[in-house]
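The report below goes through a single protein chain, moving from one residue to its surroundings and then to the fold as a whole. Please keep the sequence and the coordinates in view while reading.

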Amino acid sequence: MDKRTSSAERGYNSRWQKARATYLRSNPLCSHCATLGITAAATVVDHITPHKGDQALFWDVDNWQPLCKPCHDRKVVQFFVKIVVTPI
């Protein structure tokens, strides 16, 4: 069962949607794909360091990066695998 609070409760509200849209207009390409020489539209504003509810970190634009959804999904999976999987 997912014990996470709703996205709105985590700060992803109308203020975030406006900030996200503004950021993506200024940063329209996926930063990870760009390092691979690929041009892909960014559709997600990713928090480089997970904010874990820290509002200062949540709103720190220097902690944001533009990613396409596939790159963001890979990053999230890798992050959660590191937390869930304990080395033997």
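Is A42 buried or exposed? In this predicted model, A42 is buried, with a relative accessible area of 10%, and its place is in the loop between helix 2 (31-35) and strand 1. The C-alpha atom of A42 is separated by 4.7 Å from that of L29, although the two residues are 13 residues apart along the chain. Neighbours within four places in sequence aside, A42 is in contact with L24, N27, P28, L29 and C30, and also with P66, L67 and C68.

**Overall arrangement**

The protein has 4 helices and 2 strands, which follow one another from the N terminus in the order α-α-β-α-β-α. Of its 88 residues, 26% count as buried. Among the contacts with a separation of 6 or more, 55% are accounted for by residues 24 or more positions apart.

The largest nonpolar core consists of 8 residues, namely W16, Y23, L24, A42, V45, F58, W59 and W64. Helix 1 (residues 14-26) supplies the largest share of this core, with 3 residues. In soluble globular proteins, nonpolar side chains tend to be buried together.

Within helix 1, the buried residues are W16, Y23 and L24; viewed down the helix axis, the buried residues fall within an arc of 95 degrees, so they line one face of helix 1. An α-helix has 3.6 residues a turn, so residues three or four places apart point the same way. The partners against which the buried residues of helix 1 pack are strand 1 (44-47), helix 3 (55-58) and strand 2 (64-67). Y23, for its part, is in contact with V45, V61, W64, Q65 and P66 when its neighbours within four places in sequence are left aside. On the face turned away from the buried side, helix 1 carries the exposed residues S14, R15, K18, R25 and S26.

The dimensions of helix 1 can be checked against expectation: at 1.5 Å a residue, its 13 residues should span 18 Å, and the end C-alpha atoms are 19 Å apart, which agrees. At the start of helix 1, a side-chain oxygen of N13 reaches to within 3.1 Å of the backbone nitrogen of R15.

**The cysteines**

How many disulfides does the structure hold? The structure holds 0 disulfides. A disulfide is a covalent bond between the sulfur atoms of two cysteines, and the cut-off applied here for such a pair is 2.5 Å. The sulfur of C33 has its closest cysteine sulfur in C30, at 3.7 Å, and this is too far for a bond; likewise, the sulfur of C71 is 3.5 Å from the closest cysteine sulfur, in C68, which is also too far for a bond. Both C33, at 8% relative accessibility, and C71, with a relative accessible area of 7%, count as buried.

**Polar side chains and a backbone feature**

Q65 has its place in strand 2 and is buried, with a relative accessible area of 19%, which falls under the 20% limit for that class. Not counting residues up to four places away in sequence, Q65 touches Y23, S31, V44, V45, D46, I48 and K75. The side chain of Q65 makes polar contacts with the side chains of S31 and D46, while D73, which lies in helix 4 (residues 69-84), makes a polar contact with the side chain of K69 through its own side chain.

| Side-chain pair | Polar contact distance |
|---|---|
| Q65 and S31 | 3.5 Å |
| Q65 and D46 | 2.7 Å |
| D73 and K69 | 2.7 Å |

At 33% relative accessibility, D73 counts as partly exposed. The C-alpha atoms of D73 and V44 are separated by 9.8 Å, the two residues being 29 residues apart along the chain.

The place of K52 is in the loop between strand 1 and helix 3, where K52 counts as exposed at 73% relative accessibility.

Note on methods:
Residues are numbered from 1 along each chain as its sequence is written. This is a predicted model: local features need pLDDT of at least 70, side-chain atom pairs count only at pLDDT 80 or more; totals for chains, interfaces and linings use all residues. Side-chain values use heavy atoms; hydrogens and water are left out. Buried means under 20% relative accessible area, exposed over 50%, partly exposed in between (1.4 Å probe, protein chains only). A nonpolar core is a set of buried Ala, Val, Leu, Ile, Met, Phe, Trp, Tyr and Cys residues joined through side-chain atoms within 4.5 Å. Contact means heavy atoms within 4.5 Å. The expected span of a helix is 1.5 Å times one less than its number of residues. The arc is that of the directions from the helix axis to the C-beta atoms. A polar contact is a pair of N or O atoms within 3.5 Å; within protein, one must be able to donate a hydrogen and the other to accept it, and residues adjacent in sequence count only if both atoms are side-chain atoms.
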